[in-house]
Amino acid sequence: MELFTNQVLAGIATGAIYACMALAVVMIYQAIDHLNFAQGEMAMFSTFISWQLMQWGVSYWAAFLITLAFSFVAGIAIERILFKPLVKAPVLTNVAGFIALFAIINSSAGLIWDFTIKQYPTPFGSAPFLGSQLISTHQAGMIGVTVALLLALYFFFQYTRIGLAMRAAASVPESARLVGINTSWMIALGWGMATAIGSIAGMLIAPVVFLEPNMMGGVLIYGFAAAVLGGLSSPFGAVVGGFLVGVFENLAGTYIPGVGNELKLPIALALIISVLVVKPAGLFGRHIVKRV
Amino acid sequence: MTPLLNVKDLRAYYGQVQALHGLSFSLNEGSLVTLLGANGAGKTTTLRAICNMVRSTGGVEFEGKPLNNRSTESIVRFGIAHVPQGRGTFTNMTVEENLQLGAITRKDRAGIVSDIERMYAHFPVLKQRHTQQAGTLSGGEQQMLAVARALMLRPRLMLLDEPSFGLAPLVVRDLFGILGKINREDKVSILVVEQNAQLALELADQAYVIETGRIVMSGKAKDIANNEEIRKSYLGY
């Protein structure tokens with residue numbers, strides 16, 4: 001029983017990271033109707049920035065905040081430079097853009113910081129949380145930061161005018177323009193926020209998976225699985241999906257014979273395929289009916 | 001007196017297809033003008049061209065200021081509220097959020113709050129449903145919401161695209177009554193595109209008839225309504 005509880009809690013902790021990644025993916029998907037394959041690499045690059053800042057002697061939380069700001073601005077810049085010109089381009093052009101972005105960021109990180117694995121610090125320590133062996137302080141910290149982030153986002157989108165404008169621009173762009181919303185900038189803002197959210201995921205998971213240019217590959221696939229499971233049209237679903245995928249992954253790794261740690265990743269892929277076959281809109285997504 | 005809206009030699013294109021062939025008309029401050037015509041005549045395109053939602057050439061001036069090279073969202077800031085065909089409801093948001101979005105370019109928070117109350121007084125059904133998802137409203141209620149959302153801008157000019165479309169005749173009467181009231185009491189100038197010519201002519205001061213992207217007739221709404229020949233050949237009643 002203790003093993004079970006332990007695995008569930010650990011699953012919730014990694015699930016928090018998947019939830020952040022899924023949320024970042026869904027935010028961009030809502031704004032431009034494309035999956036950002038480079039989301040993980042962007043998060044990885046941000047994490048390297050924070051690591052570099054700490055190497056230069058900046059304290060953890062200062063580096064955390066500077067990285068957030070950097071990611072926000074970088075996200076906006078990427079949208080303005082690369083994806084704004086592709087707004088009316090076909091799907092494949094966009095996919096090529098994402099793959100290019102993926103490759104560029106991945107190799108630049110390798111070029112600047114090389115491909116060796118680096119230790120990444122945690123501000124929470126790794127002692128048992130509240131004296132219990134079930135969960136470490138870092139895992140509790142991951143959950144805490146994610147929950148705080150989600151609450152902040154909820155209030156932003158529900159109770160601020162700019163949040164309202166962003167939702168409007170994502171749901172009915174034409175009407176949004178007709179009430180005077182600059183939808184193009186709302187998309188850029190969405191990119192900035194998604195990139196910042198991704199950077200939080202990167203900085204929280206780095207102490208667990210260690211810092212290196214390919215650290216986010218697996219995480220992003222879990223993030224995609226979470227987004228698909230929750231429904232690509234639902235930010236709330238993406239978050240729930242993140243936690244579910246985290247728990248599911250851990251339990252499958254523990255209890256299904258032969259899965260273990262090595263085969264955890266295919267579980268995420270199997271989950272993506274199963275959801276797409278059984279319930280393509282996901283748990284909380286809306287079916288989008290298109291008139292042709 | 002310069003007209004509030006002056007459209008000169010407006011031409012609009014969808015890809016290679018030209019939809020408007022040099023359309024000219026004007027609208028004076030405080031008036032209610034209707035554009036009539038059959039399906040595909042170019043009524044909707046005219047409204048879309050005014051707000052720069054289609055590629056167009058020619059002159060569109062609002063109070064003497066050209067609108068041609070401005071983006072749709074910046075044209076709104078002149079006080080031009082466009083209620084598009086199909087109402088443009090933000091279906092997955094609440095009724096109240098829809099109203100707030102109508103005022104998203106305004107800065108006076110207190111004014112917005114009192115205007116929302118004013119809209120609820122104009123359209124009591126919206127107050128009853130203010131926390132409901134706008135997509136769950138009936139067609140008539142959504143049209144009311146669309147008009148209310150446009151009014152939240154405190155517009156100088158309102159562009160309405162087929163407000164009667166898909167509504168029951170009684171609801172249409174109601175709605176047109178409200179539009180007349182808004183025009184008289186709130187001094188909002190209105191340009192309304194309609195297929196229901198009879199009703200639109202009862203409401204409007206001035207009317208223009210469009211056929212295949214050109215104005216073929218203009219005059220006082222009363223005169224056009226009384227001219228049997230025009231009615232028969234262009235308005236079909």
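## About the model

The model is predicted: local features need pLDDT of at least 70, side-chain atom pairs count only at pLDDT 80 or more, and totals for chains, interfaces and linings use all residues. Residues are numbered from 1 along each chain as its sequence is written, while chains are lettered from A and ligands numbered from 1 in the order in which they are written.

## Where the chains touch

On chain B, 16 residues are in contact with 15 residues of chain A (contact: C-beta atoms, placed from the backbone, within 7 Å). Two helices of chain B, α2 (72-76) and α3 (95-102), each give at least two residues to the side that touches chain A. Helices here are DSSP runs of H or I with at least four residues, and strands are runs of E with at least two, numbered from the N terminus. The largest share of that side, four residues, belongs to α3(B).

Sorted by class, the side of chain B that touches chain A has six nonpolar, seven polar and three charged residues. Nonpolar means Ala, Val, Leu, Ile, Met, Phe, Trp, Tyr, Cys and Pro; charged means Asp, Glu, Lys and Arg; the others, Gly among them, are polar.

## Helix α9 of chain A

Helix α9 (residues 216-230) of chain A has 15 residues and reaches 20 Å from its first C-alpha to its last, close to the expected 21 Å (1.5 Å times one less than its number of residues). Of the 15 residues of α9(A), 13 are buried (20 or more other C-beta atoms within 10 Å of a residue's own, all placed from the backbone). Just after α9(A), Gly231(A) has a positive phi of about 110°.

Technical notes
Contact = placed C-beta atoms within 7 Å. Buried ≥ 20, exposed ≤ 12 C-beta atoms within 10 Å, placed from the backbone.
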